[in-house]
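Subject: Structure handover

Hello,

Please find the structure below, together with the sequence. My notes on what was found follow it.

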Amino acid sequence: MFGLSLLVSGLAWWLGLYLLARDPRKPLMWWAGAGLISYAAVIVVPHPALVGLPALAWTGAILLLVRSPLIRWWIFAVVPVLAVSLWLPWIVLLPLAVATALAIRKRTYFSLVGVMFGLSAGAFLLGLLPDAITLPSLGFDVVVFGILVAVTDAVEEGEAIRADMVRSLVIAAFTALLFGSQVVLFGGPDLLVHTTVAAAIAVQVLANPLASVVDRLAVPAVAAERAELREAADSLPKRRPLVTEDEAEFARLTRKALSHYGDLGKLVASPLIALTEPGPPLDRAAALKNLLFTSIQRLKPADGDFGTSDEWRYYNALYFYYVKGIRPYSVRTKREDLDAEDRRALQWFVTQVPERTLHNWQNAAARLVAADLMAGVGSA
């Protein structure tokens, strides 16, 4: 039984950290990662305060996956529901059932996993079946769910995932086995084995974030450059072949590349990098950035440097937002380096352009950029 719990908790811990490391800026990665990590903790320390966390976290993940507006309320409801679950453990199954019902209504493949996870979680929380049965079934459910979340995110990003995920798993498993076996060999307590395996996995999966923290403390002058190089190296296994026959997919990849315009490390993973000449990864990413900039400039009208008429909207939506990095709707963005033209554009966005309208303009402009890039491919 100990070997099974160690395997299940270690696998859930690795996958949870892997999701968080994919992109810590995405709420979906936080909800899904928290569900896996909390499940791994429950296996080791089945404390009443932890038992409901996996179901609560996965409820948030499902709500995000089905794009339900209920996620706005769920953020504030998690803590009260968790508090009630200390006396009524089964209460965490109710919001999970609601989220699963929404997934079934929208006919997503996450509905089946939600049902499986809910049944296993119910059996575990209510003690209906022996742990020898509920432990593997819950482990299977959370791992399948975590993999589906990772695959969904990779598809949205236009990335491959199998090679990157297998590489991470192999390295984490080797490190966990290397250090965990030594604790077992010398007769260490079970809790020490679990914590050693967890620490070994965390050091491997979170190697880049940890290195970034150390660089900012030890070598701040080159911390950004080192972080960019690490991200570029990690992006190489995520790159998938470019298929130019599917215009809709090509436009979607162009939209995603535009959203990463200022991040060469992310552009390394873009399939559109196939449009550039062979060379070092960061050089090719810079070349792709130049291609995008050239296509954006072709959207600019000939009359002046800035305008607000309809013919300017697509250029403005891409140039000022991605090239100049102006975020008109972000309360956290404060720029002191804006010139007169940038300030005029910022004022126009804030007062005249709703956020949803800007998003629609960016989608339409991305299709124009994609058509321009496709024309370049055809003439090459």
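How many of the residues of the protein count as buried? Of its 380 residues, 43% do. Please keep in mind while reading that this is a predicted model.

Overall picture

The protein has 18 helices and zero strands. Its accessible surface comes to about 19,700 Å², and 65% of that belongs to carbon and sulfur atoms. If you take the contacts between residues at least 6 apart in sequence, 64% of them join residues at least 24 apart.

Regions from the record

An unreviewed UniProt entry places the feature "transmembrane region" at residues 6-21, 28-51, 71-97, 109-129, 135-154, 166-185 and 191-211. Two of these spans were looked at in the model. Residues 166-185 are 100% helix and 0% strand, and the end C-alpha atoms lie 28 Å apart. For residues 71-97 the figures are 74% helix and 0% strand, with the end C-alpha atoms 14 Å apart.

Helix α10

Helix α10 covers residues 190-205, which makes 16 residues. From its first C-alpha to its last it reaches 23 Å, close to the 22 Å expected at 1.5 Å a residue. Which residues of α10 are buried? They are V193, H194, T196, V197, A200, I201, A202 and V205. These buried residues pack against four helices: α1 (2-22), α2 (27-44), α9 (162-185) and α11 (207-218).

The loop between α5 and α6

L86 has its place in the loop between α5 and α6, and W90 is found in that loop too. Are these two residues buried, partly exposed or exposed? L86 counts as partly exposed because its relative accessibility is 40%, which falls between the 20% limit for buried and the 50% limit for exposed. W90, at a relative accessible area of 37%, is also partly exposed. Both belong to a nonpolar surface patch of about 610 Å², made by V84, L86, W87, L88, W90 and L94. L86 can also be placed relative to V51: the two are 35 residues apart in sequence, and their C-alpha atoms are 8.8 Å apart in space.

Salt bridges

Side chains of opposite charge can pair when their charged atoms come close. The structure holds 13 salt bridges. Three of them are described here.

R22 forms a salt bridge with D153, and the closest N and O atoms are 2.9 Å apart. R22 lies in helix α1 and D153 in helix α8 (residues 131-157), so the pair ties together parts that are 131 residues apart in sequence. Both R22 and D153 are buried.

D153 also forms a salt bridge with K26, where the closest N and O atoms are 2.4 Å apart. K26 lies in the loop between α1 and α2 while D153 is in helix α8, so this pair ties together parts that are 127 residues apart in sequence. Why do D153 and K26 count as buried? D153 does so because its relative accessible area is 4%, and K26 because its relative accessibility is 18%; the limit for buried is under 20%.

The side chains of E156 and R67 meet in another salt bridge, at 3.7 Å from N to O. E156 lies in helix α8 and R67 in the loop between α4 and α5, so here the parts tied together are 89 residues apart in sequence. E156 is partly exposed, with a relative accessible area of 35%. R67 is exposed, with a relative accessible area of 64%. Salt bridges that share partners join R22, K26, D153, E157, E159 and K256 into one network.

The backbone at R67

R67 is listed for its backbone as well. Most residues other than glycine have a negative phi. What is the phi of R67? Phi of R67 is near 55°, a positive value in a residue other than glycine. The loop that holds R67 runs between α4 (53-65) and α5 (71-85).

Where to look in the viewer

Start with D153, which forms salt bridges with R22 and with K26. Then go to R67, which pairs with E156 and has the positive phi.

Regards

Methods
Residues are numbered from 1 along each chain as its sequence is written. This is a predicted model: local features need pLDDT of at least 70, side-chain atom pairs count only at pLDDT 80 or more; totals for chains, interfaces and linings use all residues. Side-chain values use heavy atoms; hydrogens and water are left out. Helices (H or I, at least four residues) and strands (E, at least two) are DSSP runs, numbered from the N terminus. The expected span of a helix is 1.5 Å times one less than its number of residues. Buried means under 20% relative accessible area, exposed over 50%, partly exposed in between (1.4 Å probe, protein chains only). Contact means heavy atoms within 4.5 Å. Patches are made of residues with over 30% relative accessible area and no salt bridge: like charges are joined within 9 Å, nonpolar side chains (Val, Leu, Ile, Met, Phe, Trp, Tyr) within 5 Å. Accessible areas come from the Shrake-Rupley method with a 1.4 Å probe; for residues, only the protein chains shown count as cover. A salt bridge is a side-chain nitrogen of Lys or Arg within 4 Å of a carboxyl oxygen of Asp or Glu. UniProt positions are given in the numbering used here, feature names are shortened, and annotations may be inferred rather than shown by experiment.
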